[in-house]
Amino acid sequence: MSKPIEMSNFHGAHDFNIEGDTNIYAKNYYHHDGRSRNAVKELREHIAAGAMHDSAERCDAPKCHPETRVAVQDELVSWIENGEKEEEPKKIIWVTGPAGGGKTAIMGSTAETCQKKGLLACGFFFSSFTGSTNRRFKRLLVPTLAYQLVQDDGLRDVGERILSCVERNPAIFEKKLEVQLDQLLLQPLRDSGRNMESPKVILIDGLDECQAEQHGNTPRSPQEAARANEADQKEILHALLKATNDPSFPFRIVIASRPEPAIQPFFTEFAHYTTRRIFLDDKYNPDADMLLFLEAKFAEIRREYQLSALWPSSDIKQNLVENASGQFIYVATVMRFIEESSAPPQELLDQVMALRGQDDSANPFAPLDALYTHILNSSPKPLLAVRWLFLIFCTILLDDLGSKQKLSAQFTQLFLESSSGEASYVFRGLNSLVSIPPTDDHASPYSLFHKSLTDFLKDPSRCGSLSVADPYELYDVRYLQIWMNKGPATPLAALEKGVFIHQFLEMFADYLFSLSMDQNCEMYDIAWWVRSQEESTEHPNCEKPNCHVKCIRNLFSNIHFRCNWYQRCRPACRYIRTEVLKELQKLGWEIPGRLKLLRHRFCHLYGDKIGISPP
């Protein structure tokens with residue numbers, strides 16, 4: 001009897017090699033061992049998933065309407081495919097232009113085209129006004145790019161080396177950007193020694209929306225914040241430039257941003273030799289694209305309302321295009337306003353056509369500003385609506401800096417409302433500006449359709465009568481009102497109220513407050529607040545137990561902030577600090593003695609230096 005033939009697992013296999021004991025590379029077979037899976041998990045925890053072009057978070061992100069912005073998209077894709085054939089090949093294209101010009105829509109559509117053609121290596125879409133908070137920060141840029149390379153079947157060897165780096169050095173995510181880029185991207189590419197069979201591109205959109213993270217309790221002034229943002233943006237640019245100068249770096253890079261003062265000099269002075277610029281001006285015929293867009297949108301409205309095929313006239317459409325002055329956001333906002341169904345389409349169109357802005361020579365955004373002003377004034381409470389929008393989108397006060405998500409619309413609504421149903425009333429008529437999640441969606445945040453609205457709200461010369469002198473005052477009022485009532489204005493079931501109070505208490509940790517508690521400070525139950533903070537550490541949803549210790553220390557420290565060392569403390573300071581220490585002593589906490597309290601009077605101490613610690 002013949003001996004059975006032993007079949008090898010690799011019988012007939014070819015074009016493969018084995019490295020060590022576990023890593024196998026082959027054309028049709030690839031294996032992640034347990035360590036690699038752990039490295040993938042570790043890498044996944046340090047990315048901004050919402051910043052990837054095809055993320056669920058970007059499902060409603062602007063894209064070019066079919067048959068629009070064709071010229072600029074064709075130019076980008078042609079450069080990606082054949083840029084090395086140019087007389088002076090460049091490694092970077094900078095897509096720039098004024099606000100509302102359609103940069104993000106172009107980048108989103110280009111990403112989809114490149115993915116279909118197999119040209120997209122990875123990308124990152126920054127956003128400072130919509131989506132998850134972590135899309136704002138440089139810290140997650142390189143890990144997010146690296147994660148996408150790991151998922152690319154055509155770059156398996158590079159991906160395995162990225163994971164090996166994560167496995168060897170989990171602290172890589174705490175390193176500065178240049179080190180991350182070198183170890184997570186450049187070194188794996190060097191070690192793989194591969195040449196790209198086809199060109200690949202990295203897309204970076206909205207670089208001007210990259211914001212510096214807030215560290216510590218003391219908030220930056222607007223000037224300090226702007227400088228910190230610019231420093232992070234320049235750091236990203238210099239790191240990317242260094243990558244393009246590395247012989248092992250095979251990718252081209254497309255960067256889209258406004259021509260901000262911190263960004264433009266980089267491309268004109270430091271990277272001019274390797275950068276090609278696309279400025280979204282009349283060369284790309286935006287007027288013709290906007291006419292196509294308007295034709296398509298008006299056709300949808302005609303079908304829905306059974307209007308004449310001649311509606312609206314060609315003159316009206318041309319007038320809208322002229323008002324836009326190259327800003328796609330203008331015509332997009334006009335059409336969302338008309339589609340809103342708050343009145344018949346012709347009536348809403350008449351309202352838009354009747355708008356008159358300032359002198360266009362003094363303000364190129366005059367038609368857009370007039371449109372924003374008109375829509376905001378359609379709210380039953382325009383000034384309150386502006387206050388709400390400013391707090392939500394122009395400050396970090398309603399962001400959860402400890403998580404990867406903005407505070408939900410449901411929580412924001414409960415926090416801001418002074419009476420039940422106020423949110424629906426205040427935001428009535430604003431659906432063309434703000435994306436409002438449905439009532440059964442308890443997780444999604446409010447979002448804007450375009451960042452240009454925040455530019456409008458922040459500039460008193462543009463928003464005029466809608467300018468709010470002290471937009472932060474409303475925040476103080478609502479925080480103290482909820483504290484005084486031990487809950488929001490809207491009645492909630494016990495479980496829902498517990499969840500709200502837990503999140504409300506955590507808000508105090510991330511900001512330096514000078515809450516106006518000098519008046520009627522006895523109205524605020526300090527003992528309840530302190531006990532609730534301690535109880536929150538036992539809450540099933542508590543992911544940051546140290547946060548509540550920080551909150552108590554912040555209250556104790558910050559209420560003393562406006563006291564002068566050479567005078568007796570303010571009544572509110574004396575009352576609140578006495579009540580805090582009294583309650584903490586009951587709970588068995590360590591509290592500062594007289595000597596430390598005396599020192600605290602002359603030196604504003606923070607954190608564990610205060611002498612307050614849990615048992």
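Let's start at Pro312. Pro312 lies in the loop between helix 9 (286-305) and helix 10 (314-324). The peptide bond from Trp311 to Pro312 is cis, and its omega is near -15 degrees. Keep in mind that this is a predicted model.

Now step back to the other end of helix 9. Asn285 sits in the loop between strand 7 (275-279) and helix 9. The cut-offs are under 20% for buried and over 50% for exposed.

Next, Lys486. Find Lys486 in the loop between helix 19 (473-485) and helix 20 (494-506). Lys486 is not a glycine, yet its phi is positive, about 55 degrees. Lys486 has 29% relative accessibility, so Lys486 counts as partly exposed.

Last stop, the surface. Which residues make the nonpolar surface patch of about 630 Å²? They are Trp565, Tyr566, Leu595, Leu598 and Phe602. Let's take one of them, Trp565. Trp565 is in the loop between helix 22 (545-558) and helix 23 (571-586). Why does Trp565 count as exposed? Its relative accessible area is 51%, and exposed means over 50%.

To recap. We saw a cis peptide bond from Trp311 to Pro312.

Methods. Residues are numbered from 1 along each chain as its sequence is written. This is a predicted model: local features need pLDDT of at least 70, side-chain atom pairs count only at pLDDT 80 or more; totals for chains, interfaces and linings use all residues. Side-chain values use heavy atoms; hydrogens and water are left out. Patches are made of residues with over 30% relative accessible area and no salt bridge: like charges are joined within 9 Å, nonpolar side chains (Val, Leu, Ile, Met, Phe, Trp, Tyr) within 5 Å. Accessible areas come from the Shrake-Rupley method with a 1.4 Å probe; for residues, only the protein chains shown count as cover. A salt bridge is a side-chain nitrogen of Lys or Arg within 4 Å of a carboxyl oxygen of Asp or Glu. Helices (H or I, at least four residues) and strands (E, at least two) are DSSP runs, numbered from the N terminus. Buried means under 20% relative accessible area, exposed over 50%, partly exposed in between (1.4 Å probe, protein chains only).
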